[in-house]
Amino acid sequence: MSTIQDTTNEVLALASTHFKVPLEKLSADDDFFKTLGINSLQALDLLTRIEQHFQIELPDYELQGVTDFRTLAERIQSRL
Amino acid sequence: MKTFQGKTLSWSVEDGAINLILDRAPCNEIGSLTLPELELFVKALPELQPDTHALIISSARKEGFCAGADLRELYRESQPLPAGERAGRLRDFLERIHRVMNAIDTAPLTTIAAVEGIAFGGGFEIALACDLIIADKTARFCFPELRLGLIPGFGGIPRLKRDLGNAVVRDLLLTGRSINSTKAQTVGLVSQVVSEGDALRIARSTAAQLKKFDRGTAIAAKTFIKPIPFDELRREIEIFCELFARPVVQEALRKFTESTDALPYLP
């Protein structure tokens with residue numbers, strides 16, 4: 001069973017790879033919209049990749065108001 | 001017209017398949033520019049059909065397949081109008097897009113939506129009018145209209161209900177959540193899920209296979225299995241017009257219009 005820290009690290013790595021932002025520039029409490037420089041359309045793209053990576057279904061309303069990687073990882077964790 | 005290059009879309013014929021390519025920034029929103037060109041396409045279909053067996057609809061936009069109706073334009077253009085004229089213009093728009101969707105739905109061709117990225121609202125409804133949906137792994141499908149106090153207006157509910165179980169329809173409609181291509185295939189919406197960026201290539205390969213079949217048989221099979229829910233489509237227009245007139249919808253659309261985000265109704 002993954003810990004929340006494992007999941008957070010995986011999300012950071014996924015975001016880093018997909019949006020081509022160096023991993024060392026990302027941290028769990030970052031606002032991913034700002035750090036990655038993405039809009040809601042690109043956030044949906046991230047959601048799709050998260051669903052594929054973790055093999056989960058994460059309704060986008062679960063992400064309502066979620067802007068940081070740590071909270072995002074918590075939402076993922078609850079579906080694992 | 002065998003080929004066409006417009007401001008929002010183009011079409012051409014290759015190997016017996018019509019390639020209709022949507023290409024309007026940012027994500028093929030359907031408004032006063034796209035609708036007339038879609039109508040031109042529908043008008044050209046009888047001329048294209050004798051030499052073709054398939055229609056493939058795809059997007060040239062990296063942002064996705066289609067984000068649906070151009071609600072910002074619809075709102076901005078309707079605001080200065082008196083209520084009666086506003087309602088009349090909306091109804092006219094819906095009647096026109098329904099004629100386009102019905103023509104695609106009933107075309108005596110095998111129609112394929114090659115979906116990459118988002119197919120939201122009207123974009124989802126275009127895909128639903130097609131016989132087959134081939135989606136890549138980035139595809140997402142959604143009816144977000146309830147978030148704005150509306151229902152899908154381009155024939156989405158009756159067509160989704162035609163294809164899927166009612167519980168799935170309610171889930172998508174009432175939660176307004178988006179689903180990825182894997183989920184869409186699991187519920188029976190998508191026929192093939194392919195690698196990222198490969199939807200159009202696989203759609204063309206599928207169209208090439210269909211060419212081997214007798215055309216008359218394919219049309220007979222399609223006509224038999226794909227009834228058009230005309231009564232429900234008419235009812236949908238009425239419900240949409242009733243909802244659109246409410247202040248709560250106008251307020252939601254105002255907020256939507258003032259936002260600069262790509263999909264301001266999403267988190």
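Chain B of this predicted model has a secondary structure of eleven helices and eleven strands. Its radius of gyration is 18 Å, close to the 18 Å that the globule rule gives for 267 residues, so chain B is as compact as a globular protein of that length. If you follow the C-alpha trace along its principal axes, it spans about 55 × 35 × 35 Å. Of the 267 residues in the chain, 43% count as buried. Take the contacts in chain B with a separation of 6 or more: 77% of them come from residues 24 or more positions apart.

Now let's look at the sheets. One is an open sheet of seven strands in chain B, and its order is β1-β2-β3-β4-β6-β8-β11, with mixed pairing. At its edges sit β1 (4-5) and β11 (192-194) of chain B, each of which pairs on one side only.

Move along to β6 of chain B. How many of the six residues of β6(B) are buried? Six of the six are, so the strand is largely enclosed by the rest of the structure. B:Thr110, B:Ile112 and B:Ala114 point one way from β6(B), while B:Thr111, B:Ala113 and B:Val115 point the other way, and all are buried. On one pairing, β6(B) goes with β4(B) in the parallel sense over four bridges, and B:Ile57 stands opposite B:Ala113 there. Four bridges also join β6(B) to β8(B), again running parallel, with B:Ile134 in β8(B) as the bridge partner of B:Ala114. Helix α8 (residues 199-210) of chain B lies across β3, β4 (54-59), β6 (110-115), β8 (132-136) and β11 of chain B, running at about 165° to β6(B).

There is also an open sheet of four strands in chain B, ordered β5-β7-β9-β10, with mixed pairing. Its edge strands are β5 (64-66) and β10 (179-180) of chain B, and each pairs on one side only. Inside this sheet, three bridges join strand β7 (residues 118-120) to strand β9 (residues 140-142) of chain B, and the two run parallel. B:Ile118 stands opposite B:Arg140 in β9(B). Helix α4 (residues 122-129) of chain B lies across β5, β7 and β9 of chain B, at about 95° to β7(B).

What about the inside? In soluble globular proteins, nonpolar side chains tend to be buried together. In this model, the largest nonpolar core has 84 residues, and those with the most contacts inside it are B:Ile56, B:Ala114, B:Val115, B:Ala119 and B:Ala127. Helix α3 (residues 83-106) of chain B gives the largest share of this core, six residues.

Finally, the two chains meet: 16 residues of chain A are in contact with 15 residues of chain B. On the side of chain A that touches chain B, the residues divide into six nonpolar, six polar and four charged.

Notes: Residues are numbered from 1 along each chain as its sequence is written. Chains are lettered from A and ligands numbered from 1 in the order in which they are written. This is a predicted model: local features need pLDDT of at least 70, side-chain atom pairs count only at pLDDT 80 or more; totals for chains, interfaces and linings use all residues. A nonpolar core is a set of buried Ala, Val, Leu, Ile, Met, Phe, Trp, Tyr and Cys residues joined through C-beta atoms within 7 Å. A residue is buried if 20 or more other C-beta atoms lie within 10 Å of its own, exposed if 12 or fewer, and partly exposed in between; C-beta atoms are placed from the backbone. Two residues are in contact if their C-beta atoms, placed from the backbone, lie within 7 Å. Ala, Val, Leu, Ile, Met, Phe, Trp, Tyr, Cys and Pro count as nonpolar, Asp, Glu, Lys and Arg as charged, and the others, Gly among them, as polar. Two strands pair if DSSP finds at least two bridges between them. Axes are lines fitted to C-alpha atoms, for helices over the stretch in contact, and angles run from 0 to 180 degrees between N-to-C directions. The radius of gyration is taken over C-alpha atoms; the globule rule is 2.2 Å times the number of residues to the power 0.38.
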